[in-house]
Amino acid sequence: MIISGSDMGLAPRRDVQVTDTLAVKVAAVKRCLQIKCGTVATLGLQLLKREKSTMAGRYYFSEADDDLAWLLGHQPNDMMSAYDFLFNLIYLKEMTGNAYVFPLYEGGAITQLILLSPNSVTEDKMLKTVEIHDTVNNIYTRCKRDDLIIIRNMSMDGGYTGISTLAFAANTIGISYKTDEQQKEMFTPGSMLRGFITGDSSAQQGFGRLQDNQLKDVSKQVRTAIQSGYWLNYLPGTMKYVPTGITAADMQLLESKKFTVAEICRFFDVPPERVFQDTSTNYKGSENSQTIFLTSTLMPMLKQIENEFTNKLIPRSLSKKYRIKFNLDNYYQSDMTSKADYYQKMVQSGAMTPNEVREQEGRMPVKGGDEVFISCNVAPITSGKISGDPQGPTPLPSKNDE
């Protein structure tokens, strides 16, 4: 796939041709994709079912256990695990603009979620249909657009067709790639030596003065010797080598690389420190960056995927009973001290039981660990602990008592 300015309705440029294969050769692009795709894949999708509590008759959502839950959380199809499925889903969204998932039904029950290969889907906006010609997954059919799960990137036609991030960042990625090529040329054996080979102007005309074609031949021989890695080379007595030194463009190479890394991070909505960019930050700043990355970059994507999967896989009649959500518990991987403080506050506030904490840590439950605890530092104002009376404060007389 070749991306140019004309793909976005801009004037075409001959010097901007960025393919997906070329883009991932740029370290910042590869790292940004790894961060976004890997983070979403690590969270994982869950099928939640609405349950009614035996206490106080309240409702809550717990993880379901059926075929769709297995497909979402373990193995969507015969070729991919749940991690690979979500990783490549986000990758296709970023690199091609549109990711398509084909739900395969057998006997009225869903059996597979197949991620269609790139450029295998043709959409008809007027008829709201899609034609699938996927030679990789062996799927050839025409169906309604609502029968497919479609995850689109940013669109410029009202949400019908997504545009890849490569199209927006083509110029920046092209500059970064050319910068890497320039750096490669600089560090090729012998290529740092730049200059001119000239004859001795003091020699007698017609006898010692070298002709232009002789200079070209000698220059070619010296260039070949330099590129081969030889440190010492021979020049005839009537010739001399005049080096030009490092150009200003070479000296600005490092600054150019820093600039393009920051620009690529802006296009992919990834904090620069996540791609190992040199930024002076402390632990608190890194923690804040983690939260900002979740709220500003990941949450819109997660919400988009949750809505699309829920709308396409759960009938409207069951929409109040089931929902598809990402598990955000895997995102907050902090140090042991912060984790212990978090668990302590959750248990003291009655939000979690000790056995629920042990389950999160992969430990066996203990006897009495299902009991809910709460700190005694606070209590209702009508509690006997506040009034000093174990039976509680005396209630105010009502109008009927009068």
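## Helix 4

In helix 4, the buried residues (under 20% relative accessible area, with a 1.4 Å probe and protein chains only) are A82, F85, L86, F87, L89, I90, L92, K93, E94 and M95. Helices are DSSP runs of H or I with at least four residues, strands are runs of E with at least two, and both are numbered from the N terminus.

Helix 4 covers residues 82–96, and its 15 residues should span 21 Å at 1.5 Å a residue, which agrees with the 21 Å between its end C-alpha atoms; the expected span is 1.5 Å times one less than the number of residues. Just after helix 4, G97 adopts a positive phi of about 95°.

## Basis of the model

The model is predicted: local features need pLDDT of at least 70, side-chain atom pairs count only at pLDDT 80 or more, and totals for chains, interfaces and linings use all residues. Residues are numbered from 1 along each chain as its sequence is written, and side-chain values use heavy atoms, with hydrogens and water left out.

## Overall fold

The protein has 13 helices and 13 strands. Of its 402 residues, 34% are buried.

## Nonpolar cores

A nonpolar core is a set of buried Ala, Val, Leu, Ile, Met, Phe, Trp, Tyr and Cys residues joined through side-chain atoms within 4.5 Å. The largest has 55 residues, of which L47, L72, L89, L113, I305, F309 and L313 touch the most other members. Helix 2 (residues 27–43) supplies the largest share of this core, nine residues. A second, separate core of eleven residues includes V121, I132, L148 and I150.

Key:
Buried < 20%, exposed > 50% of the residue type's maximum accessible area, 1.4 Å probe, protein only.
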